[in-house]
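Thanks for coming. I will go through one structure today, chain by chain, and then look at where the chains meet.

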Amino acid sequence: MNSRERILGRVRRALADAPADEAPIARDYLREHGRRTVAETVELLAENLADYRAVVHRTDIEGLPGVIAGLLEKRGASSVLVPPGLDEEWLAATGVPRVADRADSTPGELDRVDSVVTACAVAIAETGTIVLDGSPDQGRRRITLVPDHHICVVRVPGQVVSSVPQGLERLDPARPLTWISGPSATSDIELDRVEGVHGPRTLEVVLVGQGRIEST
Amino acid sequence: MSGTYLGMPAFPVAAREAVGNTTLRGNLRHATHTIRAKRAKAVTEVSDWAELREAGKQIKDHTLRHLDHYLEQLEESVTAAGGIVHWAADAAEANEIVTQLVKMTGEREVVKVKSMATQEIGLNEALEAEGIHAYETDLAELIVQLGKDRPSHILVPAIHRNRGEIRDIFAREMSEWGRPAPEGLTDTPAELAEAARLHLREKFLRAKVGISGANFMVAETGTLVVVESEGNGRMCLTLPETLISVVGIEKIVPTWQDLEVFLQTLPRSSTAERMNPYTSTWTGTTDQDGPGTFHLVLLDNGRTDTLADEVGRQALRCIRCSACLNVCPVYERAGGHAYGSVYPGPIGAILSPQLRGTGSEIDASLPYASSLCGACYEVCPVAIDIPEVLVHLRERVVQGGEVTREGNKVVLRPAKGHAAERAAMRAARWAFTHPGALRTGQRAASRSRRFHPRTLPGPGRAWSATRELPPVPAEPFRDWWQRTHGGKDGDR
């Protein structure tokens with residue numbers, strides 16, 4: 001008997017006397033916490049991102065290239081990783097040399113790149129989380145991990161949901177997902193949170209409105 | 001479980017020693033009190049905590065009730081997504097599988113994400129014996145590994161160390177393992193984190209094999225989930241060419257939707273955050289993104305034996321948040337090492353004796369490592385009634401009875417150490433079933449009460465050393481009742 005059969009056999013014997021369970025799982029919990037307007041949800045996202053030390057910027061689609069160029073310049077970045085499907089307009093205002101996200105780049109090569117700019121799949125307001133799903137405008141998982149500076153663009157309000165349940169509904173489990181809530185951190189020293197360990201130590205989130213988000 | 005813990009002294013012995021260590025007590029008190037207050041705040045933020053907790057309990061119970069079905073479904077979906085599934089009945093088999101998988105890659109070193117399952121089976125030691133170096137990359141695990149120490153907490157294995165001690169370990173040991181600690185390293189947490197970043201980065205960048213556990217496995221989609229903070233998990237899960245995940249069979253949830261409960265309750269219960277900094281999910285392999293080869297090792301190692309116990313099986317709901325450790329008055333004083341297992345604290349006191357059996361001195365003593373105050377049950381995000389299981393396990397230790405070990409039903413003999421207790425209980429049963437004798441005895445006891453000792457002689461001495469013996473009343477209750485007509489006469 002192989003271990004697969006052995007383990008499954010043990011499970012079945014262990015459950016032989018267990019009572020049947022037919023009742024559906026009680027999902028009485030909330031789909032979202034509190035009632036908010038769209039603008040309030042975006043505001044909450046910004047607050048919670050900032051609470052966990054992400055740097056939040058707000059602009060509209062016309063202002064975006066200027067904001068990204070400014071952030072790269074302020075950082076002093078001498079190279080920026082760019083996923084293949086990133087809207088070229090976004091980087092139109094910067095002259096920082098681009099590094100393409102290629103399958104054959106070594107981790108060592110990625111380690112020499114200063115910054116990375118990506119889009120995201122969804123952002124969750126209640127937890128201050130952005131989720132990447134490896135789409136062409138976000139690239140491979142490692143490009144948002146090895147460089148020390150990540151600029152993530154969130155289209156608001158379209159990509160923003162209120163809660164974790166709503167976020168999961170929008171995501172495809174078949175894709176490799178990375179949920180990011182603030183820059184990397186640790187609570188390992190005396191159970192106190194310290195920002196900045198292995199992942200990017202600076203996370204900048206640019207919330208890009210459709211021009212009139214403040215008033216909706 | 002891990003050989004590291006063989007021959008551990010019983011809990012009271014180890015705890016007595018730990019309680020005498022004032023640095024340890026100070027560190028533990030500071031850390032557990034810090035996190036307690038934060039957790040309470042994080043939980044208050046969600047108004048539906050009780051409903052989330054109940055749903056989490058029900059999802060886990062339902063999964064366990066149909067575990068055979070969900071294991072087969074998981075195997076099918078992981079395989080369909082490009083993963084390779086292995087089954088390990090015990091620690092030795094799991095270690096053998098992982099060792100062979102690493103050898104097949106031709107590599108001599110692996111990077112590891114913090115994983116309770118691999119600690120439980122003693123994987124690092126097994127790999128080392130075959131000449132394969134396993135590097136722990138979680139900051140706290142690194143502190144433990146560099147300090148040649150044992151973990152003392154589920155979430156924060158180096159909780160017994162304060163920042164000064166961590167600085168000393170880094171300054172002394174890092175050069176032995178790779179990049180030395182920076183000159184003039186101070187004990188500020190930010191500098192210590194920076195030192196770990198520099199030390200581990202070279203290992204991440206050259207790693208070809210990563211080893212992880214998982215917080216959840218979704219049966220319907222074949223998705224694995226790792227919840228972490230530092231980014232070391234992401235490094236290990238995405239940079240190597242081969243990923244090997246060792247996961248206990250109880251980590252399954254049936255559906256993708258089920259994650260909506262646990263991704264809300266786990267971060268708040270463990271690090272007291274709305275959300276932990278990084279959560280990675282992966283389903284088999286993804287073309288040109290992350291490891292090209294993915295192995296999943298499904299681990300039993302006592303879990304099916306635990307499942308066979310109808311009271312004890314609820315321990316398998318555990319999502320390893322460690323909230324129960326942080327609120328436990330016993331853990332706060334005794335620390336994690338006294339529990340003699342990678343699973344310390346209240347959850348360890350019910351998990352270790354079930355996974356390993358109650359045969360050893362330490363495992364037989366663990367169900368007693370509690371005051372039964374119930375704080376652990378209060379905070380548990382999957383509502384494990386830890387006191388209930390503790391009492392159940394105490395009964396098993398004292399009375400013996402039928403249990404399942406390695407899939408077979410065996411009958412445990414009553415523990416030797418409880419002979420006096422059993423004799424006392426037998427005497428009590430006889431007395432209570434013989435009212436005449438009871439009355440005579442009670443009257444004799446009341447009349448002779450001036451001569452009663454303050455402490456018990458012989459085997460009872462240990463018991464009365466820390467307790468007051470209850471005084472015998474001047475008159476037995478039944479005599480008083482008859483004399484006063486149940487107190488109606490007002491005569492006391």
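What you see is a predicted model. For chain A the mean pLDDT is 94, and 97% of the residues in that chain reach 70 or more. The stretch to be careful with is residues 212-216 of chain A, where the pLDDT is below 50. That stretch does have seven contacts in the model beyond near neighbours in sequence. Where pLDDT is low, though, the coordinates should not be read in detail.

Now chain A as a whole. Chain A has 216 residues, and 50% of them count as buried. Its secondary structure comes to five helices and twelve strands. Consider next the contacts in chain A with a separation of 6 or more: 73% of them are between residues 24 or more positions apart.

There is also a record to mention for chain A. UniProt, in an unreviewed entry, annotates residues 107-208 of chain A as "domain: LUD". In the model, that span is 12% helix and 34% strand, and its end C-alpha atoms are 31 Å apart.

On to chain B. Chain B has 492 residues, with 51% of them buried. The secondary structure here is 23 helices and twelve strands. The C-alpha atoms of chain B fill a box of roughly 90 × 55 × 45 Å along the principal axes. Among its contacts between residues at least 6 apart in sequence, 74% join residues at least 24 apart.

The "domain: LUD" feature turns up in chain B too, where UniProt places it at residues 71-298, again from an unreviewed entry. This span of chain B is 43% helix and 21% strand, and its end C-alpha atoms lie 9 Å apart. Separately, a domain assignment of chain B gives domain 1 at 3-299 and domain 2 at 434-484. The C-alpha centres of those two domains of chain B lie 54 Å apart.

Next, the interface. How many residues of chain B are in contact with chain A? The count is 78 residues of chain B, against 59 residues of chain A. On the chain B side, helix α10, residues 189-206, gives the most, with nine residues. By class, that side of chain B has 38 nonpolar, 26 polar and 14 charged residues.

The two chains also pair through strands. Strand β9 of chain A, residues 177-180, runs antiparallel to strand β9 of chain B, residues 278-283, and four bridges join them.

Now some backbone details. Most residues other than glycine have a negative phi, and most peptide bonds are trans. Here are some exceptions.

Val156(A) and Pro157(A) are joined by a cis peptide bond, with omega about 0°. Pro157(A) sits in the loop between β7 (149-155) and β8 (160-161) of chain A.

Arg53(A) is not a glycine, yet it has a positive phi of about 70°. This arginine, Arg53(A), is in the loop between α2 (38-51) and β1 (55-60) of chain A. In chain B, Arg320(B) also has a positive phi, about 60°, and Arg320(B) is in the loop between α13 (303-307) and α14 (323-327).

Which of these arginines is buried and which is partly exposed? The cut-off for buried is 20 or more other C-beta atoms within 10 Å. Arg320(B) has 20, so it is buried. Arg53(A) has 18 within 10 Å, so it is partly exposed.

Last, one lysine. Lys112(B) is in strand β2, residues 109-112, of chain B. Lys112(B) counts as buried because it has 27 C-beta neighbours inside 10 Å. Leaving out residues up to four places away in sequence, Lys112(B) touches several others, including Thr118(B), Tyr135(B), Glu136(B), Ile211(B) and Cys236(B). His337(B) is 225 residues from Lys112(B) along the chain, and their C-alpha atoms are separated by 22 Å.

That is the end of the tour, and I can take questions now.

How values were computed. Residues numbered from 1 in each chain as written. Chains lettered and ligands numbered in written order. Predicted model: local features only at pLDDT ≥ 70, side-chain atom pairs only at ≥ 80, totals over all residues. pLDDT = per-residue confidence, 0-100. Contact = placed C-beta atoms within 7 Å. Buried ≥ 20, exposed ≤ 12 C-beta atoms within 10 Å, placed from the backbone. UniProt positions renumbered as here; feature names shortened; annotations may be inferred. Nonpolar A, V, L, I, M, F, W, Y, C, P; charged D, E, K, R; others polar. Pairing = 2+ DSSP bridges. Domains from an automatic or database assignment.
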